[in-house]
Amino acid sequence: MVSKDCVAMILAGGQGSRLGALTKNVAKPAVPFGGKYRIIDFPLSNCVHSGIDTVGVLTQYQPLELNRYIGNGNPWDLDRSHGGVYVLPPYQSAQTEEWYKGTANAIYQNLSFLEGFNPDNVLILSGDHIYKMHYGEMLKAHKESGAAATIAVMPVPWEEASRFGIMNVDDEGTIVEFEEKPKEPKSNLASMGIYIFSYDALKRYLTDDEHDPNSDNDFGKNIIPKMLGNGEKMISYRFEGYWKDVGTIQSLWEANMDLLDEPPKFDLNDRHWSIYSRNMALAPHYVGSNAKITSSTVTEGCYIDGEIEHSVIFGGVELGEGSVIKDSVVMPGAKIGKNAVIQNAVIGAEAVIGDGAKVGVNSSADNKNASKLCTNDLVLIEGGAHIAAGEDIYTGSMVEA
Amino acid sequence: MRTDTMGIILTNNDRIPPITDIRANSALPFAGRYRIIDFVLSNMANAGITNIGVATESNYSSLMDHIKSGKPWDLDRKNWGLNILPPSLEKMTYGAIKGNIDMLAGISDFIQRSPQTYVILSLGNSIYNLDFSDVIKQHIDSQADITILYKDMRGVEEKELSRFTMIELDDKKRVTDIEVQPYYPKTATASMDVYVMEKALLESIVDECSARGDRDFVKDALVKKMQGLRIYGYEHSGYTDKIDSLKSYYRNNMNFLDKNIRDELFNPENPIYTKTKDQSPTRYGADAVVQNSFVSDGCMIEGTVINCVLSRGVKVKKGAVIKNSIIMQDSVIEENVDLSHVVFDKEVYITKGRKLIGQESYPLAIAKGTRI
C-alpha cells in the first residue's frame, strides 16, 4: 500500500445539544446549512480542495442520516480506490467495547485505521465549523517547521477571547502556552480545533493518554497541554478569513444570515473553492407572479409565490401566495401555506406551516413553547413539525414535532 | 434493475443555428439546468435499464462531457452501464451518415454483444416522462414485434403535426399505416420516435437495410415491412414534444412556466437526473424583481426577470429588464440592458444599456460567447 502524506479525521460524533430540536434525530455535522449544504460539506470539501483524499469521519450520536449522506463519498470526489472517505463508528473488539469517551479517545480507537495508511501526518478536524481553508498550506508550514503538532489559530475580538481556547505564541509563532477560556487572556489567538500531528507523536501521546485514568481523553484539555508540558515543538498556523462555530441556534442562524450581505461576509459562489454536497436532483426553482424575493438565496426545487426578504431558502420549499418570510432560514422541503408570516426563525426540514400562521411575530410572557436555547427572540420549528393554520408561535419558541 | 432490456439513444442532428453549431441537438441546454438527452436517459434509468448505448453522429464532445461515466443516472456500472458510441466510419455505406440505419449499423458490435432480449430505441431529442416498465409489459403481453410510442395530438394544428411521423391504428392499436412528416396528415396520432422490439429483430432489420443500401429505419424498414410485422402502438397520455427547431426549443422551454407541465415532467417518483455543477444557491439582490420564471442555482439577480428560464450561473445586473427569454449558463446581462424574446447560448455578455428584442414567432438567438 502506498503511504499517505496526510490523512484527515473529522470528529463528527457530538450531539450538538445546544442546537435543540435540530439535532434530535441527526448528528450536528448533518444539520443543513446555507441553502443546499450540510455542515460536514465544509470540512469534506476543504479536504478535497487541499489534496487530501483519505478522510475518516468519526460518528457516534445519531449516525444514520450522516452515514447515508456521506455514502460512498462520490459528491466530494472521495469514492477512491486508494483512500476515500470512511465512516468510523465505535466498535467492539476482543479486548474492549466502548463508546468514544472523548475526542482523543475517538482517534485512539481508530489508530488501526490510520495504521493501514501509514500516514506521515494526521489532520484532526471538527464537524461543526463553517469556513473555507487550504489545509495543504497548513500542512506545508507544519512540515517545514518540523513541529510535532501545528494548531490553526485565528484572531478573535479581545472582549470575546475568554470564551475560547487561547494560544499564547512567540514571535516565530511557536506556541508557548495554551489556556482554555482564560479570564484574563494574554493573547487573542483562538484555537480553531484544527490540528495537524506528526503521526508518530500522535500515536505516542494518544497511547499514553489512554493509560492515564485521570484523563478526559480530550485534545484541548489533555493532549495539547501534555505535549506543551513535555517541551514538544508546537507551532501556530494563523488563519485569516471567515470561520464560524455553528454550535448554537443563534450562531447557526447568524452564519446563514452572513451569506446575504452584498458582498456576502462568506461567499459560497466561489468557482475555485466549490463546496460540494449530495445533490437532490431537483428542477430549477419556480418564482410565481405574486412573488417578491429580495436580499435572499433560493435553491432548486422551490415553488415561491410569496414574499421573501433577507432569508436563506433550501431546496424544495413551497411558499404560498400572500405569505411573508423575513430574516429566516427555511430548511429543505418545508411547506408554507398562504398568508403566513415568518420572522427571525429557523424552520426545520419538511415542516408544515399552515395558512395564516404567525411564527416569531408576536411575543408573550406566557409562552408554553419558550426555550432557553432560542436566544435573541429566535424561533426554531423542528423538522417535520406541523403548525396549524392561524396558529401564533411567539418569539423565543422551540416547537417540536 | 431490469436485466432483460437495453436502451439505444440515437442522438439527433436536427440543426438549430446558432445553438447547435457547437453541439449535438441532444446536448442542448434545456429547462434551466438540464440537457435535452437527460429526459430520455432518465426515463430509461428509472425503468431500471442498466445497459444504454448513446449513438453519436458529430459534434459529440459536449455530449461526452455531459454524460461522462453516467454517474448522475446511476449508470456507472461494473457490467454495461452507459456507453457513448462515436460514429464508425468503416461501417457506413458511403463513409458518411445519411440516415439512422447508418448510425445503428455503426454500433452493431455493441448491439450484438449486449445480452438483453429487448431493446428500447429512442431519438435523443424527445421530451417526455413516462414509465418504460409499462411499455415493455404491453409489448410482451400484446405479442407485438414492434411497439411504437405515440401521442394523440388531436387539436394541434396541421402545420405542427407535419413535424412528426404520423401513424394510423386500428381499434386493437395495431399500426396500419405510417407516414413520415406528411404535408397533409391523415390522422392526429403522432409517433414519439420511440420503439420497443426484440434485439434480434433490430439486428436483422439493420443488417437487411444496410445490405440493400437503405438508410431510414422508418421509411425503409417499418413502412415496407408493415404487413409482415405485428406493429402496435402504445399511447402516452402525458406531455411530449421534440426539439427540432428554434421555435420548438423556445416553446418547450417556456412550457416549464406552466405548473401542470412542470409537475408532470419533474415527477418526484420519476426524477430527471443531470450532471451536477455544485453551484451555490441563487442570490437575489435588494432590488430584484422576479416573476413567473424558472431559475437554476448559481445565478445572481439584481435586476428584473419576467417570464424567463434561466440556466445556472446567469448574472442579471441592476436596472436590467429581461422578459420572455431563455438565458443559458454563465451569461452576463449588464446594467440597464433591455431584453425581450431572446435565446442566449452560454456565456453571452451584453454590455450596459443595450436593447435586444425578438418576437415570440421569431426569438432572437445569440451564439455562445457572443459579446454585444
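Mentor: Two strands count as paired if DSSP finds at least two bridges between them. The model discussed here is predicted.

Trainee: Which strands stand at the edges of the open sheet of 11 strands?

Mentor: The order runs β31(A)-β28(A)-β25(A)-β22(A)-β19(A)-β16(A)-β14(B)-β17(B)-β20(B)-β23(B)-β26(B), and the pairing is mixed. An edge strand has a single partner strand, so one side of it is left without a neighbour in the sheet. The strands in that position are β31 (398-399) of chain A and β26 (349-350) of chain B.

Trainee: Which residue in β31(A) is the bridge partner of A:L380?

Mentor: β28(A) and β31(A) pair over two bridges, in the parallel sense. In β31(A), the partner of A:L380 is A:M398.

Trainee: How many residues of helix α8 of chain A are buried?

Mentor: Helix α8 of chain A spans residues 249-257 and is mostly covered. Its buried residues include A:I249, A:L252 and A:W253. Among the elements that cover them are β25 (345-347) and β28 (379-381) of chain A. Buried means under 20% relative accessible area, and the residues of α8 that are buried number eight of nine.

Trainee: How many charged residues are in the lining of the largest cavity?

Mentor: The largest cavity holds about 120 Å³ of space. Of its 13 lining residues, those closest to the centre are A:K36, A:N279, A:M280, A:L282 and A:T299. By class, the lining has three nonpolar and five polar residues, and the charged ones number five.

Note on methods: Residues numbered from 1 in each chain as written. Chains lettered and ligands numbered in written order. Predicted model: local features only at pLDDT ≥ 70, side-chain atom pairs only at ≥ 80, totals over all residues. Heavy atoms only, no water. Buried < 20%, exposed > 50% of the residue type's maximum accessible area, 1.4 Å probe, protein only. Helix = DSSP H or I, 4+ residues; strand = E, 2+ residues; numbered from the N terminus. Contact = heavy atoms within 4.5 Å. 1 Å grid on protein atoms, 1.4 Å probe; cavity = no way out; pocket = protein on both sides within 12 Å on 5 of 7 lines; lining within 4 Å. Points joined across faces, edges and corners; volume = space filled by probe spheres on them. Nonpolar A, V, L, I, M, F, W, Y, C, P; charged D, E, K, R; others polar.
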